[in-house]
Amino acid sequence: MALFDELQRVCPRGKAIILQGVVAALPDLDTRFHIHTGLRLEHFLAQCAHESDGFHTMEEYASGAAYEGRHDLGNTHPGDGIRYKGRGPFQLTGRANYRSYGRALGLDLEGDPELAANPHTGMLIAGQYWVDHNLNSEADADMLTGITRAINGGLNGFADRKMYLDKFKQLGI
């Protein structure tokens with residue numbers, strides 16, 4: 001069975017355009033971020049699935065107004081909260097993060113924040129975040145709690161993340 005079909009089985013609400021972007025990003029995830037073993041990919045996809053509502057969206061549902069004036073996110077200009085709201089499978093948030101990840105990937109995410117909602121680009125951002133936070137080693141040790149804390153800052157949605165991880169493990173990706 002093709003990976004697209006497997007992803008669709010695990011994430012039935014997933015939009016085809018997003019799932020296609022996930023599949024298209026796999027070679028980059030392998031070569032650029034070394035997310036290539038079963039456990040690494042299973043953990044990575046489980047976190048992406050949770051954060052993107054089962055690959056249903058690449059943009060947070062809230063407006064982003066809650067991030068307005070958040071200097072810790074680099075939102076220093078009027079409208080930054082909405083402009084730099086969460087996008088991509090890990091919900092990249094804040095002007096400073098858009099700038100930082102854009103530089104790391106050679107993209108102008110700060111100038112064109114909508115790029116982060118592109119499924120392929122979003123997966124690259126998530127891959128960069130994964131490597132920046134040394135999550136391959138956490139995945140190698142099968143440490144769902146540590147990965148969840150690194151991505152979420154806590155254990156929000158832990159049961160959902162575990163459910164996705166179990167499903168991806170059953171597929172033996």
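Student: How many aromatic pairs does the count come to in this chain?

Tutor: The count comes to 5 aromatic pairs. Bear in mind that we're looking at a predicted model.

Student: How is a pair of aromatic rings described?

Tutor: You give two things, the distance of the centres and the angle of the planes. Now take tyrosine 84 and tyrosine 98: their ring centres are 5.1 Å apart and their planes sit at 65°, so this pair is edge-to-face. The cut-off behind that label is an angle over 60 degrees.

Student: Where in the chain are tyrosine 84 and tyrosine 98?

Tutor: Tyrosine 84 is in the loop between helix H4 (80-83) and helix H5 (95-105), while tyrosine 98 is in helix H5 itself. They are 14 residues apart, and the pair links distant parts of the chain.

Student: Are tyrosine 84 and tyrosine 98 buried or exposed?

Tutor: Buried, both of them.

Student: Which residues form an aromatic cluster?

Tutor: Look for Phe44, Phe90, Tyr101, Tyr129 and Trp130, which form one cluster.

Student: What about histidine 43, where is its place?

Tutor: Histidine 43 is in helix H3, which runs over residues 38-51.

Student: And how do I read its burial: is histidine 43 buried or exposed?

Tutor: Go by the relative accessible area, where under 20% means buried. Histidine 43 has 1%, so it is buried.

Student: Which residues is histidine 43 in contact with, leaving aside its neighbours within four places in sequence?

Tutor: Trp130, Ala139, Asp142, Met143, Leu144, Ile147 and Leu165.

Student: Let's zoom out. What does the secondary structure of the chain come to?

Tutor: There are 9 helices and 0 strands. The radius of gyration is 15 Å, close to the 16 Å that the globule rule gives for 173 residues, so the chain is as compact as a globular protein of that length. Along its principal axes, the C-alpha trace spans about 45 × 30 × 30 Å.

Student: What share of the 173 residues is buried?

Tutor: Buried residues make up 49%.

Student: How far apart are the mean positions of the positive and negative charges?

Tutor: For the 17 positive and 22 negative charges, the mean positions are 2 Å apart.

Student: And what share of the contacts with a separation of 6 or more comes from residues 24 or more positions apart?

Tutor: That share is 58%.

Methods: Residues are numbered from 1 along each chain as its sequence is written. This is a predicted model: local features need pLDDT of at least 70, side-chain atom pairs count only at pLDDT 80 or more; totals for chains, interfaces and linings use all residues. Side-chain values use heavy atoms; hydrogens and water are left out. Helices (H or I, at least four residues) and strands (E, at least two) are DSSP runs, numbered from the N terminus. The radius of gyration is taken over C-alpha atoms; the globule rule is 2.2 Å times the number of residues to the power 0.38. Buried means under 20% relative accessible area, exposed over 50%, partly exposed in between (1.4 Å probe, protein chains only). Contact means heavy atoms within 4.5 Å. Lys and Arg count as positive and Asp and Glu as negative; His and the chain ends are not counted. The place of a charge is taken as NZ of Lys, CZ of Arg, CG of Asp or CD of Glu. Rings of Phe, Tyr and Trp (its six-membered ring) pair if their centres lie within 6.5 Å; planes under 30 degrees apart count as stacked, over 60 as edge-to-face and the rest as tilted.
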